[in-house]
Amino acid sequence: MDQEVEEISRVLLQKAGDTSEFIQKAADQSLGIMAQSVTPSRAMTALMANGVTHRNPLIRKCAAGHLLTIMEQIGAEKLLSGNRESTELLVQTLVKMAQDCHQDTRCYGRKMLNMLMCHSKFDGELRLTCTIYVAYHKLCFFSKLDKIIYCNIIWLANMVKSFSLFNYRSTSDVLNFSQTAARCSSLRSIEVMEQLKELNKLLVAKEFQIRIDGIALLMDHCKKNPHFVSSNIVQIFDTFTLRLQDSNKKVNQYALESVVSMIPLLKNGFNPVLFSVVTIVMDNLNSKNSGIYICTQTICLSLSDNLLLLQIIASRVRFLTGRALQDITDRLAGLVAVAYPRKPQVAERHILPVLWYFLNNMIGNGVLPGKSGNVRTVVSKLAKSLHKQMGLKLEEYVCNQPQHVIKLFQDLLDMDLQ
């Protein structure tokens, strides 16, 4: 299960931020079972990557709670025995959680930080790192500083350390510098802060009609002030993506319809959230609701000329099932003709592993073990599309595969597609 822990944790953490308390509780229990069933270090990495830095406070709280359990299981000595970079990254993450806006997340963060700081291996340099990050995150909390301030703080601390002038018991110089930088930095306007706050409040409301109003407000911002959305797109979409799998079908469909309209309005400004949006949207291809299914197909079609979509789809294929697996494989076959002439190495790096996955796991009748739906036709289409672009080069690659794979590949090439 270690290989799937990152994907499983991502899905469960998304559900932990659902508006339904029943779904939140079930997702939290499932995460607890997952954390006890995999290697602790793997579970810890997945939670840190997908949960503790999430914009949704409920997801951060859930991830922090399970991270505390895992850290207690591993122990402070082992956690502080890694290389300096990984240890400092852990300390930075815990400092941020210890100052979170959510009370429970702060409590979990402080417990984890205290566990490390009480250990003898938590030396002076780590204490310095901890102090700098406390100062930085406090300043960011009150004034929303630019990231350049953090870089300047770290630069100053390293310069002072290099001349052995830094006193670990006093950080007044660093704090004075950071306060000066804060005054010189451009602050985010109060109006923007209020707009983001209002939008977030509507998108996470319990009443489905208010959530629809939140989506409508976001669309209004996209039309009237696309720069505002592009500048804050990661923060906005951390909440908005939850609506793409909303338990209410009306909200779900309206959110998907909005994405169709947003893509041409935001253009390249949409790229920072492309991966998270497409990953969530693809799951809707199995929906029995025709409106949701059509909207999902439209989104995938509107991004067909974006090479970033190739990497996203290729990485998700093995996690899909049913109609979603068939549709996405078919889409991948179509992307080959677009991507390969422009970037052949990129296309080979992402698409060939998908083809090997199908050829090594597909049973003769076109079914993958543990998955529903017959994929023989779409895999044949993918193989033919690749062969048309690569020719003899693909055949050479296939020759290095097992004998049954070679035979199946040839059968797919000879298959008559009607």
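Start with four residues: Glu7, Arg10, Asp283 and Arg316 are linked in a network of salt bridges. A salt bridge here is a side-chain nitrogen of Lys or Arg within 4 Å of a carboxyl oxygen of Asp or Glu. Before going further, note that this is a predicted model, in which local features need pLDDT of at least 70 and side-chain atom pairs count only at pLDDT 80 or more, while totals for chains, interfaces and linings use all residues. Residues are numbered from 1 along each chain as its sequence is written, and side-chain values use heavy atoms, with hydrogens and water left out.

Arg10 and Glu7 form a salt bridge at 2.9 Å, N to O. Both are in helix α1, residues 5-16, three residues apart, or about one turn of the helix; helices are DSSP runs (H or I, at least four residues), numbered from the N terminus. Both Arg10 and Glu7 are buried, where buried means under 20% relative accessible area, exposed over 50%, and partly exposed in between, with a 1.4 Å probe and protein chains only.

Arg316 and Asp283 form a salt bridge at 3.0 Å, N to O. This pair links distant parts of the chain, 33 residues apart: Arg316 is in helix α18 (residues 307-316), and Asp283 is in the loop between α16 (274-282) and α17 (290-302). Arg316 is buried, because its relative accessible area is 4%. Asp283, at 30%, counts as partly exposed.

By this rule the count comes to 10 salt bridges. Another of them joins Lys206 and Glu21, at 3.6 Å, N to O. Lys206 lies in the loop between α11 (190-203) and α12 (208-224) and Glu21 in helix α2 (residues 21-37), so the pair ties together parts 185 residues apart in sequence. Lys206 and Glu21 are both exposed.

Next, Arg243. Is Arg243 buried or exposed? Its relative accessible area is 1%, so Arg243 is buried. Arg243 sits in the loop between α14 (233-240) and α15 (249-266). Its side chain reaches the backbone oxygen of Leu203 at 2.7 Å.

Last, the cores. A nonpolar core is a set of buried Ala, Val, Leu, Ile, Met, Phe, Trp, Tyr and Cys residues joined through side-chain atoms within 4.5 Å. The largest has 80 residues, of which Phe240, Phe270 and Phe358 touch the most other members. Apart from it lies another core, of 36 residues, including Ile59 and Met112.

Notes: Helix = DSSP H or I, 4+ residues; strand = E, 2+ residues; numbered from the N terminus. Polar contact = N/O pair within 3.5 Å; in protein donor to acceptor, adjacent residues only side chain to side chain.
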